[in-house]
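Biologist: Could you walk me through this structure?

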Amino acid sequence: MGSWNDLLPSDHEITRPHEIYLMLGGFITAFGLVSLVIKDKLYMSEAMVAILIGVIMGPLVGKVLDPEHMFGMSVDNVTLEFTRIVVAIQCMACGVDLPGNYLWKEWKSVAMLLGPVMIVKWFISAAGIYWIMGLSFLDALVISACITPTDPVLANSIVKGKFAEKHVPLNVRLIISAESGANDGLGTPFLLLAIYLQRLPTGQAVGEWAWKVVLYQVCLSVILGTILAYLAKRVLKTAERRDWIDKESILSFSIALALFIMGLVAMLGSDDILAVFIAGNVLTWDLWFNQRVASSSFQEVIDALLNLSYFVFVGSIVPWSSFNSGEANLDIWRLCLLGLWVIFLRRVPVVMALYPWIPALKDSKEAFFAAWFGPIGAGAMFYAHIAVVYFDYPAKPLLPIIYFIVLTSVVIHGGSVALFNLSLTRTTTYSAWDRYRRQSHANIGPPAESPVIIGGMVMNRYKEPVIEGPATVLAESIEEAHTKSHSVSFMVSSSEEGDVEFRNKLDQIVVVGESQDAIENGEAPEEIIEEAKEVPEEVVEVAEETPVSVGVDGDKVVTTI
């Protein structure tokens, strides 16, 4: 007769994964139940909470999740590949979330952030590492290259969510998202130039860097990302037109494409992260793909699960004992001083100095927000482990310095969001940004200062009316109507000036007769009638002259202006 040991093994190595599943699943479930309270009330980033849970689960406290014990000598390889997946999917998300041909329209701003700003960040960080940590300048350049890119994973928590939509102008969110996606793929040239200069004569180092890195890695990855995404979109359109593909497969397409491109380009030895970001932009260049996924949160769900799991992993693998070991000048006071140097001097001064030449940033408040929130996270981990795994770069002091700066960034950047609670509340919304930049961005409606009425026929997927009369919603601006959050997802498209995607939601859809006539005749709900009395006549004229149609495709609502 068997014993209970058949079902409950006594070997802890067998049950350890079950404990990890239990704690990780419990954390993600509990975090989800209070996520809005944590992010919008306590102003704590999800990375900050996840790292704390990782510390509790890790060898320092709970001894449940111990990556070094589980993976042994392969722990750096596992960390590298886990980080690669997270960064690649997040860079694809950054590319997909940008409205249409945003990179083309904002090329001046993106070029400034990827060129002069990144170079200054690289040297400023290297100077701090050189002076504070007492390392050689070339070693300092290697370590600095890892923390130069703005992290797309941590940036995602800053540019998305209710707080960002309420307090941060969309133009600022878009430029941070674009920069974080692009420069995470452009960290390779900085890292490899420093390594080549260490190991080769200067002339040979620069020559090999020029053709191996700039041409083969950077240029080839851009070409591959563009071609692969273009072909993928053509195939996807054909599959949908012939009814070969279901909705679920469309929703997962961008993630699958990110993994495919990441694997292919990495096997070719080119820059897979940059290729994935470029592919995301090409995939949504004409907004066709955005329209197919506008009503779904599938991408956000995958992002949240991966990001939370990843930072729990990071929290469990932090080399706490190395921070004050004295080896290679690793002292806690040096690391604290370096962390402050990097956070306050790496990015803020150069962005504030150059923002007049960054058209996406309209004033000093927006410039300071973009300058301050240049977080360091998964991207730094990725490049640090690239150096260790691919180039046999000494893990110490590289990894302890990177881990400490990542922790510093998570705490300071994640904890300082509340300081901007008032600083940007009265800056321009997307409508005002659009009016200010009308010649290079989509025109989506009248000025933000005046109320507007959005109306249109609601139809099903067969273009048959599903209600009588148009659907209208009254708001202080079209942007406010988008950010009011809870009923139906939709997209705004302007045929005159370009296209802009909105993945927010309307607060309500009010069914009335002819929009303005119904309000004047008392046919609309009383609260709408009372608010509509304050609508200036000139704004009503603008609204009436703006043709609006609302189409329902399954659970997707598309509004075209």
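Modeller: Residues are numbered from 1 along each chain as its sequence is written, and side-chain values use heavy atoms, with hydrogens and water left out.

Biologist: What is the mean pLDDT of the protein chain?

Modeller: pLDDT is the predictor's confidence in each residue, from 0 to 100. Over residues 422–519 it stays under 50. Where pLDDT is low, the predicted coordinates should not be read in detail. In the protein chain, 70% of residues reach 70 or more, and the mean pLDDT is 75.

Biologist: How are helix 5 and helix 9 oriented to each other?

Modeller: Helices here are DSSP runs (H or I, at least four residues), numbered from the N terminus. The axes, lines fitted to C-alpha atoms over the stretch in contact, have angles from 0 to 180 degrees between N-to-C directions. Helix 5 (residues 75–97) and helix 9 (residues 152–159) have axes that come within 9 Å and cross at roughly 45 degrees. Angles under 35 degrees count as roughly parallel, over 145 as roughly antiparallel, 65 to 115 as roughly perpendicular and the rest as oblique, so these two helices are oblique.

Biologist: Is F31 buried or exposed?

Modeller: Buried means under 20% relative accessible area, exposed over 50%, partly exposed in between (1.4 Å probe, protein chains only). F31 has 5% relative accessibility, so F31 is buried.

How values were computed. This is a predicted model: local features need pLDDT of at least 70, side-chain atom pairs count only at pLDDT 80 or more; totals for chains, interfaces and linings use all residues. Contact means heavy atoms within 4.5 Å.
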